[in-house]
Amino acid sequence: MSSSPPPEKMPQPTPPPVDSDHSQTPLPPPPGYGVTGVLRRWRHEDMLKRVSLGLRALGFLFSLLAFIIMASNKHGPGRNFDEYEEYRYALAIAILSTLYTGLQSWRQIHEMSTGKLIVSGRNMAMIDFFGDQVCLIIIIK
């Protein structure tokens, strides 16, 4: 039998020195990423929905007030606005804007309370935009 020398021990690698100035906790993710970014975005979107609803409700209140004031404007013969065609046009605009803002406010309240969309998001954005533009054009004329 041949005798072989015992195997040599391999040197073990040494761990890197521990720096006592730096902690071993990982760095937080940059803003806008991860759970904190998602939560921040959700809060921001929720706030925008509430502000939008508040502005629509304010528009509804003002258009309803305009409709009530114009509809109840009676001053006697010769001074009634009913006799003028322009007044009828303004009254019709007040009725249309009250209906539009009332329906939009109702839709937003329904969507916020149930969490279900009545119309898909893209279609609703188109309806909002064109509806607001039509109301604006009618009011300006």
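Which residues form a nonpolar patch on the surface? Select Met47, Leu48, Val51, Leu55, Leu58, Leu61, Phe62, Leu65 and Ile69, which together have about 890 Å² of accessible area (Shrake-Rupley method, 1.4 Å probe, with only the protein chains shown as cover for residues). Members of a patch have over 30% relative accessible area and no salt bridge, and nonpolar side chains are joined within 5 Å, like charges within 9 Å; a salt bridge is a Lys or Arg side-chain nitrogen within 4 Å of an Asp or Glu carboxyl oxygen.

The model is predicted, so local features need pLDDT of at least 70 and side-chain atom pairs pLDDT 80 or more, while totals for chains, interfaces and linings use all residues. Residues are numbered from 1 along each chain as its sequence is written, and side-chain values use heavy atoms, without hydrogens and water.

Stay with Leu65, found in helix H1, residues 34–71 (helices are DSSP runs of H or I, at least four residues, numbered from the N terminus). Leu65 is partly exposed, because its relative accessible area is 45%, and that class lies between buried, under 20%, and exposed, over 50%.

Next, select Thr101 in helix H2, which counts as buried at 14% relative accessibility.

Note on methods. Helix = DSSP H or I, 4+ residues; strand = E, 2+ residues; numbered from the N terminus. Buried < 20%, exposed > 50% of the residue type's maximum accessible area, 1.4 Å probe, protein only.
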